[in-house]
2 protein chains.
Amino acid sequence: MMPLNKVSDQQMFDQLLEVFRVHGYEGASLSLISEATGLKRASLYHRFPGGKEEMAKSLLEHVDELFATEILAPLNESGDPKTRIRQMARHLDAFYQGGRGSCLLDTLSLGGTNTGLLKDIHASISAWTDAMATVARESGLSAAKARRRAEEALVQIQGSLVVARITGDPAPFMRALKTLPDLLTDPDYH
Amino acid sequence: MMPLNKVSDQQMFDQLLEVFRVHGYEGASLSLISEATGLKRASLYHRFPGGKEEMAKSLLEHVDELFATEILAPLNESGDPKTRIRQMARHLDAFYQGGRGSCLLDTLSLGGTNTGLLKDIHASISAWTDAMATVARESGLSAAKARRRAEEALVQIQGSLVVARITGDPAPFMRALKTLPDLLTDPDYH
DNA sequence: GTCTATAGCTTGATAGAC
DNA sequence: GTCTATCAAGCTATAGAC
């Protein structure tokens with residue numbers, strides 16, 4: 001049976017992600033969203049009665065789920081920690097388009113506290129940090145050191161994405177991904 | 001003699017910087033800019049006939065000058081490299097408001113290639129990277145290593161600013177600043 | 001569930017008085 | 001050099017047909 005919607009949720013969220021990650025919350029106009037998704041204004045409001053803020057909020061939830069199940073869950077299963085971290089790095093490579101795409105948490109956090117998104121953004125980044133801290137802990141690092149290294153990994157990823165965007169060269173991101181296995185497991189990395 | 005302008009250039013650029021670094025280019029509306037600077041729309045267009053794009057471009061030039069003379073120039077003068085790097089770190093601490101302010105190059109680079117700002121942004125980041133690579137080179141690192149470390153320093157700064165903004169905790173930025181002297185001078189940092 | 005049409009406000013930008 | 005008043009275009013959001 002064919003889907004009732006002309007545009008699947010998957011397609012819509014893919015395009016929604018693209019618009020919000022490129023333009024941020026304030027820059028993501030309904031015209032841009034409508035054009036990207038192929039859904040007219042009124043159709044968007046049918047799916048998201050709460051308007052633009054609900055679009056961003058639902059997108060965050062969608063990406064959160066995708067992150068949790070496809071990227072973070074495998075990180076904390078059984079097996080060699082470094083191998084699992086390399087697996088996460090591969091998924092991050094795909095998700096961030098080889099360093100050519102920005103982080104949604106970054107671009108959505110711009111513009112101050114206008115929206116009620118900050119709590120959700122905060123929760124997302126915490127879940128990610130926790131997952132990386134857990135695998136670092138399992139690899140033998142102390143709890144404190146594991147958390148610190150997870151935060152450093154986050155800084156590496158976010159920073160390299162920003163530098164890649166500014167310079168137009170994704171190389172820093174690829175290098176950052178390569179450092180993750182050692183950064184998150186080696187007690188004497190620094 | 002009193003200045004002819006009710007609002008000095010210094011005051012105006014300070015507020016312009018605040019609006020653009022918080023909201024990005026697309027989110028920085030003339031209403032926000034007008035309110036922040038205390039200048040009505042028409043007055044802003046008197047100073048910047050090219051409109052919003054010229055405001056951002058002039059601001060970039062202004063910040064570039066400030067960066068070059070107050071932050072980067074001392075970096076490449078005489079004296080102990082580590083001391084000079086610590087001096088830069090203090091200036092960065094002030095400029096980025098202890099990690100509570102975003103980087104203008106980051107927020108202005110959002111929204112794609114709509115504007116002619118990308119070249120200026122690119123030039124700014126290059127000058128900064130070059131200055132850090134130079135001091136790293138002077139401290140004894142090879143040219144290639146010096147450049148790589150300068151890029152890593154940039155990633156640390158940009159990444160910690162993003163994480164600080166997302167989490168609301170400036171601690172990562174303060175830690176990043178502390179690592180700069182060793183990162184830019186120690187051949188065996190990693 | 002999607003669409004056209006529209007309302008009302010905000011945007012970037014301009015004209016002209018002082 | 002700053003202002004008020006105004007413009008056309010864009011914005012978010014809604015009403016109602018199919």
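Is Arg165(B) buried or exposed? Select Arg165(B) and see how much of the residue is covered: its relative accessibility is 18%, so Arg165(B) counts as buried. The word buried stands for under 20% relative accessible area, exposed for over 50%, and partly exposed for what lies in between, with a 1.4 Å probe and protein chains only.

Before moving on, a word about what is on your screen. This is a predicted model, in which local features need pLDDT of at least 70 and side-chain atom pairs count only at pLDDT 80 or more, while totals for chains, interfaces and linings use all residues. Residues are numbered from 1 along each chain as its sequence is written, chains are lettered from A and ligands numbered from 1 in the order in which they are written, and side-chain values use heavy atoms, with hydrogens and water left out.

**Stop 1: chain A as a whole**

Select chain A and colour it by secondary structure. You will find nine helices and zero strands; helices (H or I, at least four residues) and strands (E, at least two) are DSSP runs, numbered from the N terminus.

Now zoom out. Along the principal axes, the C-alpha atoms of chain A fill a box of roughly 55 × 40 × 30 Å.

The accessible surface of chain A comes to about 8800 Å², and 53% of it belongs to carbon and sulfur atoms. Such areas come from the Shrake-Rupley method with a 1.4 Å probe; for residues, only the protein chains shown count as cover. Of the 190 residues of chain A, 50% count as buried.

**Stop 2**

A salt bridge here is a side-chain nitrogen of Lys or Arg within 4 Å of a carboxyl oxygen of Asp or Glu. Side chains of opposite charge can pair when their charged atoms come close.

Look at Asp106(A) and Arg165(B): their closest N and O atoms are 2.4 Å apart in a salt bridge. Asp106(A) lies in helix 6 (residues 104–108) of chain A and Arg165(B) in helix 8 (residues 143–167) of chain B, so this pair joins two chains. Asp106(A) is buried, at 2% relative accessibility.

Then turn to Asp106(B), which forms a salt bridge with Arg165(B) at 4.0 Å between the closest N and O atoms. Asp106(B) sits in helix 6 (residues 104–108) of chain B and Arg165(B) in helix 8 of chain B, so the pair ties together parts that are 59 residues apart in sequence.

**Stop 3: another salt bridge, within chain A**

How many salt bridges does the structure hold over all chains? The total is 16. For one more, select Glu138(A) and Arg84(A), whose side chains meet in a salt bridge at 3.1 Å, N to O. Glu138(A) is in helix 7 (residues 118–138) of chain A and Arg84(A) in helix 5 (residues 81–95) of chain A, 54 residues apart. Glu138(A) is partly exposed at 43% relative accessibility, whereas Arg84(A) is buried at 6%.

**Stop 4: Ile125(B) and its neighbours**

Select Ile125(B) in helix 7 (residues 118–138) of chain B. Ile125(B) is buried, with a relative accessible area of 2%. Which residues does Ile125(B) touch, not counting residues up to four places away in sequence? They are Ile166(A), Thr167(A), Leu105(B), Leu154(B) and Gln158(B), where contact means heavy atoms within 4.5 Å.

**Stop 5**

Select Arg41(B), placed in helix 3 (residues 41–47) of chain B. Its relative accessibility is 45%, so Arg41(B) counts as partly exposed. Leaving out residues up to four places away in sequence, Arg41(B) touches Leu30(B), Ser31(B) and Ser34(B).

Finish at Leu118(A) in helix 7 of chain A. Leu118(A) is partly exposed, with a relative accessible area of 32%. Draw a line from Leu118(A) to Lys57(A): they are 61 residues apart in sequence and 9.9 Å apart in space, C-alpha to C-alpha.
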